[in-house]
Amino acid sequence: MADHATSSLPGDRGYLSEQGWRSWALTMDHKRIGVMYIWTTLGFFVVAGILALLLRLKLLVPGPALFSDHTYNVLFTMHGAMIIFLFIIPAIPSALGNFFIPLLIGCRDVAFPRLNLFSYWIFVAGILVTVGTLVAPMDTGWTFYTPYSTRTSAAVTSLSFGLFLIGMSSILTGLNFIVTIHTMRAPGMSWYRMPLFIWAMYATSVIQVLSTPVIGITFLLLAAERVFGIGIFDPAKGGDPLLFQHFFWFYSHPVVYVMILPAMGIVSEVVPVFARKPIFGYKAIAYSALAIAFIGFLVWGHHMFVSGMSTISGVIFSFLTFFVAVPTGIKIFNWIATLYKGSISFDSPMLYALSFIFLFIIGGLTGLFLGSLATDVHVHDTYFLVAHFHYTMMGGTVMGLFAGLHYWFPKMTGRMFNETWAKNAWWLVVAGFNITFFPMFILGMQGMPRRYAEYPAKYQPLNVVATVGSWFLALGVIIMFANFVRSLRNGEPAPDNPWRGLTLEWQTSSPPPEENFHEIPTVTDWPYGYGNRNEASRDH
Amino acid sequence: MPYPTILRASEASLVSHDVDAVFIFILAIAGFFFVLTQGLLIYFAIRYRKKKGVEESTPYITGNHALEVVWIVIPSLLLVAIFAYGLTVFIKMRTPLPNATEIQVTASQFTWSFKYPDGRSVANELRLPVDQPVKLIMISRDVIHGFFVPAFRQKQDVLPGSYTYLWLLPKRVGTYDIYCSQYCGTGHSLMRGSLIVMPQPQYQAWLAAEQQKQKAGAQSPAEHGKALFESAGCGGCHSIDGSPKVGPTLKGIFGSRVTLNNGQSLVADEEYLRESLEEPNEQVVQGFQPIMPSFKGSLKQDEISALIAYMKTLK
Amino acid sequence: MTTNHDAHNGAPVSARLGIWAFLATELLLFGALFTAYAQFRITHAELFHQEHLKLNRMLGFLNTLVLLTSSLTIAVGIAAIRRGLQKVLKICLALTLALACGFLFIKYLEWSHDFHQGWFPRTNLFFGLYFMMTGLHGLHVIAGMALMVWLLIKAQRGAFSAEYSTPVEITGLYWHFVDIVWIYLFPLLYLIG
């Protein structure tokens, strides 16, 4: 690959040069929009994390404590809804995706920069509307099942509109990325020379475009139900509450792949760089992302085995569900095989990527119990489920996000973070995570239902363990963020390519100039050409 | 209280053992892959860590088709096996049990109500005889609830507007938790109940006692009286349709003027009827033999009142 | 911004790809409503049969004609601007806009009749779906009209030519989509009970 290194002058802040709020609020630079998404989403990660700590604190004791059961219900609803809609769905795609898709494919911006800015601001508008619902806080759980959600006095109607706007932002972002990836790759970058993060983002965007409208219309129907009483989900009027669940999961199942695929993309970028080995099975990883996206649309019913859906539907959905495991397994095996005979350095991005693999294996394998009909009946809606999705979403997506934040921090900010503190934080995060969530598998197996403000005393010991674990986890996250914030100002200036990566973003300065590349690079090879090509024949 | 962890299979109900067997089967497969993948991950991470001062030289390996086919095909086959095993047990769970006693379950915020075939309704407590199949016919009065008995490994959402069913076959005596598993509002976590599985004889005894109690309490005095009229065998001597039997008919008895065999006449009020039950042969109606047994002691005071209330209805 | 995005040589391709992706989203938006319609038509066949007779088929049919004609006018407009005929484009856009107004006016007549008769979204499932589906479609018509106005203003300034007609083309695709949705709505709601 031609060397387009554009070592900037010391003190050159690149795309960050311009000052003042207008330079941010009205920017059409994908990098600045990405940065705004990072601040917004991480902000809600912190808020929702604090709520989670409060929930865990209450669960120290089985009986009434600290705040009322209703408050507990409000808090877990807010925790879930914030984490899902305001953090984990946009966190990697809208934030890191916006920043790095153009840099990784070697172009100057996304296909529709104005639409991109518009997407951000309707995201913010959606947030403002949802925050407005705090006057009558939601107590429905983030799943909003009818008819509870049509009867509660909480502000479901305005929340529906808020989430509708957020969904619109998600659709437009996905649409923008699809077009960008199709039409704006640097000269020479064929589909099979694209970084795997781009493949992952492509699959993600397709899911966003095709699944989000269904939740959009579902929210509209829910609002119409409350305002006009159309009765589609109301059994008293001949409607069907299960239809709501079908609509809801038709979106909310594929969307878990919106959450996880980009994280898998980050891991696919980080592992070869730090193992100094080509990624193992490039095409298999790329196609498995598309396969997951496709199969993901066919399995929503596995959330409904005990909902009253017919037995035959359950059987079909269960059967299809197991086929999501195949492409997921392919990725896991390929990452591990990439490590084989590598020269692995354990910098913090790599530590987070490896912990992603470690934790996601647990999350994935426990999914087998939930996919199998007989065992799902028992563990569904228990803490086993809670543990499973936190292992996939937090152990998976959030670890992937942390890997990405550490990996790309030097590129985004032009500064290095303190590696020692990053490692200290990593130990706390991973240990705290496991102490918090592993006991929940056992609690679930013993039958403790989720969303319980008060619980039978026999479950207390493991709940205490989980709560104590949450403090370690929180401490780790605090240290990590403190390290980032401190490094924004005081970090060592970052070199253009601190990790010796081969993808295009490392060929421009840190931080990148406003136009990304002074000269658009020409791509002549795939981005994983690490290692000694004489030592083994190429099988790519 | 029996609370088996998953590795010691629950024998509480017909399917609980099977569910646990599936669980252990999946656990074995998952455990194998857990050890394999995590083992390799950690082994590679340690074995191939970057060594200080050594020039890095890594091979250019981009894939291996044979290996990739292996780790697609073998997991796929195992996944089909897991699916099939889970399916068989699920079908067993959903297959109606013959001769099942039907119990109506009504869920509402935040109570379970169980209605037995004899018409009794009990809140938050379900008693079942061991080894007797039961069909729960469940409906909700408001929002969606979830009927969950962890020890039985059984769960089913309860919907407003349509019935859902659950077949249970308790296999072991004990007290088990019932939870609401589908979030239903403020009191969701307190919407709990007990499932008490009893040995057959004890269950029958309990049932009889309950039915007795119910007659005393739950019904209107007149209904209670009617039941007593039948269970105490009054109808053997007294008709309620006006025809004379061994004793005088009770049709229209209350408030009527009665002529006794000593020539006196009086109005049959509550007090007279009570005395006639306790000391039946003191004031015998003209034309009848003093042969009626006394029910003093065998009928409690409220039961006598109930019988009188019943008699008032016989017009 | 220093980058001139319009100068990117992939612009027309990206615009077309973008609008098709957007229409895919729209398809699923209405798809969910059609799914609900299908389910309740099966479970409440009797109700759907009785209630659909209350709708005014003549007005529905008239609206179908109006919308089909408007699809034709915008197609003519696109063909015209490809040959650089700006004036024809402007006439066609104005006609399309007028027809869209006509559609909404007829819809208004229908709805006010419905309300007058006491048929509201809460009346029953059929009317719930009827108002939801035609309402959402109506919103799309209004959005389309806003686009037409915007195009007319741009056309007035001479923005479009044989070389540059992208906004007209993608609006045309959108308008055809709105038309197609109605082509499904009309028989499902008015004709097949």
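**Rings, charges and a sheet in a predicted model**

The charged end of Lys312(B) sits over the ring of Phe254(B), 5.3 Å from its centre; the criterion is NZ of Lys or CZ of Arg within 6 Å of the ring centre and within 35 degrees of the ring normal. Lys155(B) likewise lies over the face of Phe148(B), at 3.9 Å from the ring centre. The model is predicted, with pLDDT of at least 70 required for local features and 80 or more for side-chain atom pairs, while totals for chains, interfaces and linings use all residues. Residues are numbered from 1 along each chain as its sequence is written, chains are lettered from A and ligands numbered from 1 in the order in which they are written, and side-chain values use heavy atoms, without hydrogens and water.

Rings of Phe, Tyr and Trp (its six-membered ring) pair if their centres lie within 6.5 Å, and planes under 30 degrees apart count as stacked, over 60 as edge-to-face and the rest as tilted. Over all chains there are 97 aromatic pairs. One of them joins Trp426(A) and Trp427(A) edge-to-face, at 4.9 Å centre to centre and 65° between the planes. Trp426(A) is buried, with a relative accessible area of 12%, whereas Trp427(A) is exposed, at 58% (buried is under 20%, exposed over 50%, partly exposed in between; 1.4 Å probe, protein chains only).

In chain B, 5 strands form an open sheet of mixed pairing, in the order 3-2-1-5-8. Strands are DSSP runs of E, at least two residues long, numbered from the N terminus, and two of them pair if DSSP finds at least two bridges between them. Strand 3 (121-123) and strand 8 (164-168) of chain B each have a single partner strand, so one side of each lacks a neighbour in the sheet. Strand 2 (residues 111-115) of chain B pairs with strand 3 of chain B in the antiparallel sense over 3 bridges. Phe114(B) has Val122(B), in strand 3 of chain B, as its bridge partner.

Notes:
Helices (H or I, at least four residues) and strands (E, at least two) are DSSP runs, numbered from the N terminus.
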